[in-house]
Amino acid sequence: MKISALCIFFSLALVTFAAETQRKIAFERGDNVWIANLDGSDAKKIAAGSLPNISPDSTRLAFNTNEDSKTRPGPERHIAIADLARGKVTVLKDIPSDNCFGPVWSPDGNKIAFSIMAEKEWHLGIVNVDGSGFRFVKNAGLKSEAFGEPTWARDGKSIFCHDLDNLYHIDLDGNVLKKWALSKVLTEAGMNGNDRLSVSPDGKTLLMDVDLGSEHERKNWDGPQPAVYVFDFDTEKTSRVTAKDDFVWDPYWVTNDEFLCVIQKEHENEPSLYRMSITGKNAKLLAKHARMPSVTAP
């Protein structure tokens with residue numbers, strides 16, 4: 001019996017190890033988007049661009065291009081998809097804007113949601129991965145800032161986002177399914193337009209990238225201290241994950257117990273990519289001078 005139990009244990013361990021080694025991460029480094037194994041090994045530069053999001057099955061990488069606009073102030077940004085096996089990058093040119101960013105894959109890998117500038121306001125856009133079927137997701141009751149850094153719910157039929165004042169759960173027609181006032185959810189912190197949200201694999205909690213309201217003493221840091229909170233959908237309460245003196249942001253779930261994040265330590269000039277326990281401990285370095293991580297599905 002002991003031998004059989006031991007065999008089962010090692011078999012399960014091998015299956016887990018195999019699954020972990022097949023998963024990939026994506027991140028920004030410099031002006032380029034990269035991929036690597038889940039442990040940070042075998043890092044490869046894919047293309048020039050930013051805000052990479054790797055597909056659930058690890059075969060494609062969505063990101064946005066960055067070019068100087070010839071018609072207006074600011075950058076010209078388009079959504080692009082890299083086929084990682086063939087090394088081919090396709091820019092989705094039929095989207096009606098030259099300022100789109102932050103693509104995120106739906107759980108089934110068939111659609112991409114992203115932020116899009118149109119009519120002089122930010123909106124949420126959704127498109128099929130082949131570039132067809134583009135449409136806006138609009139709701140007159142939501143401020144345009146609500147569509148910064150969207151994240152898909154696990155059902156693939158709805159999205160979470162925020163507009164600096166409220167956290168929203170909306171369907172793909174823009175209807176508000178649920179709304180939480182950030183002033184009640186975050187009593188000691190706030191959010192900016194670049195703060196990320198990430199839904200846990202089991203769909204029960206939401207990681208939140210926040211700006212702390214308290215003062216800090218770090219001399220080489222301009223602005224509020226970034227931290228990671230977790231929001232429980234059942235209790236509708238948040239708790240702080242990262243430690244008092246840590247400067248951590250860009251959270252992205254790996255498992256229900258661990259997440260990727262970016263940490264910049266004191267006296268460092270650039271952040272690096274880490275894997276951390278939901279307890280806020282055991283941070284493991286994966287990639288130096290990296291930011292904006294994502295990971296393939298479990």
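Predicted model: local features only at pLDDT ≥ 70, side-chain atom pairs only at ≥ 80, totals over all residues.
Figure 1. Strands of a sheet pair through backbone hydrogen bonds, and the pairing may be parallel or antiparallel.

**Figure 2. The pairing of strands 8 and 9.** Four bridges join strand 8 (residues 79-83) to strand 9 in the antiparallel sense. Within strand 9, V89 is the bridge partner of A82.

**Figure 3. The hairpin of strands 4 and 5.** Strand 4 pairs with strand 5 (residues 60-64) over three bridges, again in the antiparallel sense. Residue S50 stands opposite N64, which belongs to strand 5. The two strands form a hairpin with five residues between them, and S58 in its turn has a positive phi of about 70°. Strand 4 is mostly covered, since five of its five residues are buried.

Figure 4. Most residues other than glycine have a negative phi. L51 has a phi near 50°, a positive value, and is found in strand 4. Is L51 buried or exposed? Its relative accessibility is 15%, so L51 counts as buried, the cut-off being under 20%. For L164, phi is near 80°, likewise a positive value. L164 lies in the loop between strand 15 (158-162) and strand 16 (166-171). Because its relative accessibility is 35%, L164 counts as partly exposed.

**Figure 5. The largest pocket.** This pocket holds about 470 Å³ of space. Its lining comprises 31 residues, of which N53, V104, W105, T151 and Y252 lie nearest its centre. The elements that give two or more residues to this lining are strand 4, strand 10 (100-105), strand 14 (148-152), strand 19 (197-199), strand 23 (248-253) and strand 27 (291-295). By class, the lining has 20 nonpolar, seven polar and four charged residues.

**Figure 6. The second largest pocket.** About 310 Å³ of space lies in the second largest pocket. It is lined by 16 residues, and those closest to its centre are N192, N194, D195, W249 and D250. Strand 20 (205-212) and strand 23 each supply at least two residues of this lining. How many residues of each class line the second largest pocket? There are seven nonpolar, three polar and six charged residues.

Key
Residues numbered from 1 in each chain as written. Heavy atoms only, no water. Pairing = 2+ DSSP bridges. Buried < 20%, exposed > 50% of the residue type's maximum accessible area, 1.4 Å probe, protein only. 1 Å grid on protein atoms, 1.4 Å probe; cavity = no way out; pocket = protein on both sides within 12 Å on 5 of 7 lines; lining within 4 Å. Points joined across faces, edges and corners; volume = space filled by probe spheres on them. Nonpolar A, V, L, I, M, F, W, Y, C, P; charged D, E, K, R; others polar.
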